[in-house]
Amino acid sequence: MDRIFSALLLSLLLLLQSYRVWGAPPQPRGTLCRTKPTDLVFVIDSSRSVRPHEFEKVKVFMSRVIEGLDVGPNSTRVGVINYASAVKNEFSLKTHQTKAGLLQAVQKIEPLSTGTMTGLAIQFAISRVFNDSEGARVRSPNFNKVAIVVTDGRPQDGVQDVSARARAAGIEIFAIGVGRVDMHTLRQMASQPLDEHVDYVESYSVIEKLTHKFQEAFCVVSDLCATGDHDCEQICISTPGAYKCACKEGFTLNNDGKTCSACSGGSGSALDLVFLIDGSKSVRPENFELVKKFINQIVDSLEVSEKQAQVGLVQYSSSVRQEFPLGQFKNKKDIKAAVKKMAYMEKGTMTGQALKYLIDNSFAVINGARPGVPKVGIVFTDGRSQDYITDAAKKAKDLGFRMFAVGVGNAVEDELREIASEPVAEHYFYTADFRTISKIGKKLQMKICIEEDPCECKSIVNFQTKVEDLINSLQQKLEAVAKRIEALENKII
């Protein structure tokens, strides 16, 4: 066994030694989930038995499902019905045509806190929401119509007949029950087969675990590379329901995610990066700690030195405070320590004032900025600005600063787009929950890394991936060898 292990380990080392990494790792293209065009309506119970903090869990569940979908007027449209004793159409299928708009709208939903008229809510979905005047599309084999009903109790009206009418109208119904729900009622509502359309969770605290099921349910898996449904210049790599573009050895993938450029080598470019962080009272102390981790996550991806990346940090609320200027700290360790020590300001949200400070001070030579070095600003906010941002946002971009806008919770999509550089889709990010900002951090790591030196940065990522694959392969081989040896030993015995 020792000889076998030594041989496999030697093979691994030889592979690592001989492996020359160059060019770009494949980058995801399109959406995470290619969906058949779907009209999706959430029917959400907010009766008095659903406590406010539990209703927040339902909103997180909806947001998670939406985040995994291909949202757009020609793909998946989403509406939400909120019900108790009465029914409220929170937003219809035609109201929001972007994922960011949907996520913000979900965050604003408030519970009604009265009775439980589930049948009335389903009837409302049939007659009002799944109606062409509200953005529903004409019934067709090319479109899915789906309702996801979430409830935690016994309805005060009948659901069997109205659910049958909904199904007859081509609406696929998923029924999710929580806690002391009546399971018989769920089965009366749901489409067939029931084991695929009825779900139960013990409490609202674990409803998020159903997210992956629904993301998968709406995905259509196809080999987009084989069908030619891609725009990769050199290499197309199929993934379930999507594809990735990659480049040949000696080339790097461009920012458009599809074309390739020849690598020129080099040891990394200089970069002046300033974080502009919202420290208003709506962020809250526990979330502010997550923001600091988000900053340090990005710092980890940089090559910090006097000749390469410099980092500055500004916090704002009702006023603006420079935490540290560009160039004050010469290594990652000191930068990250300073970020951890940053005190939370609280108070208002003067984003316009903060952007003006970035232009007039943060990227000034007197504050450590270097002439001729690319300037990158990352603006992080969780709400609507209390002052005017248009002029400062435009000026920052006119001066050649590359601006990224990151929004959480109640951040306003129009403001994020106004701050972000072109192409806007690559420079603004939104998530409903502070706990998921690390995912945005990972996306920004690669975008900023590419700005420094595409060939070197992507080679590192590709090398790390190759090593992980080799180690996994080694482990599988060792397990297979161990099983064979065990089988031989058993035969001998």
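**Overall architecture, helix packing and backbone geometry**

The chain has an accessible surface of about 23,300 Å², and 52% of that area belongs to carbon and sulfur atoms. Accessible areas were computed by the Shrake-Rupley method with a 1.4 Å probe; for residues, only the protein chains shown count as cover. The model is predicted: local features require pLDDT of at least 70, side-chain atom pairs count only at pLDDT 80 or more, and totals for chains, interfaces and linings use all residues. Residues are numbered from 1 along each chain as its sequence is written, and side-chain values use heavy atoms, with hydrogens and water left out.

Of the 493 residues of the chain, 51% count as buried. Here, buried means under 20% relative accessible area, exposed means over 50%, and partly exposed lies in between (1.4 Å probe, protein chains only). The secondary structure comprises 16 helices and 17 strands. Both are DSSP runs numbered from the N terminus: helices are H or I, with at least four residues, and strands are E, with at least two. Contacts (heavy atoms within 4.5 Å) were also examined by separation in sequence. Among those between residues at least 6 apart, 74% join residues at least 24 apart.

Helix H3 (residues 99-107) is largely enclosed by the rest of the structure, because 8 of its 9 residues are buried. The buried residues are Ala100, Gly101, Leu102, Leu103, Gln104, Ala105, Val106 and Gln107.

The crossing of H4 and H5 is left-handed, that is, the near helix is turned anticlockwise from the far one by less than a right angle. From H4, Gly119, Ile122, Gln123 and Ile126 meet Val162, Ser163, Arg165 and Ala166 of H5. This contact has 4 nonpolar, 3 polar and 1 charged residues. Nonpolar covers Ala, Val, Leu, Ile, Met, Phe, Trp, Tyr, Cys and Pro; charged covers Asp, Glu, Lys and Arg; the others, Gly among them, are polar.

Most residues other than glycine have a negative phi, and most peptide bonds are trans. The Gln192 to Pro193 bond is cis, with omega near -10 degrees. Pro193 sits in the loop between helix H6 (183-189) and helix H7 (194-197). Glu422 and Pro423 are also joined by a cis bond, with omega about -10 degrees. Pro423 lies in the loop between H14 and S17.

Arg284 has a positive phi of about 75 degrees. Its loop runs between strand S12 (271-278) and helix H10 (285-299). Arg284 is partly exposed, at 48% relative accessibility. Lys347 has a phi near 75 degrees, again positive. Lys347 lies in the loop between helix H11 (332-341) and helix H12 (351-362). At 58% relative accessibility, Lys347 counts as exposed.
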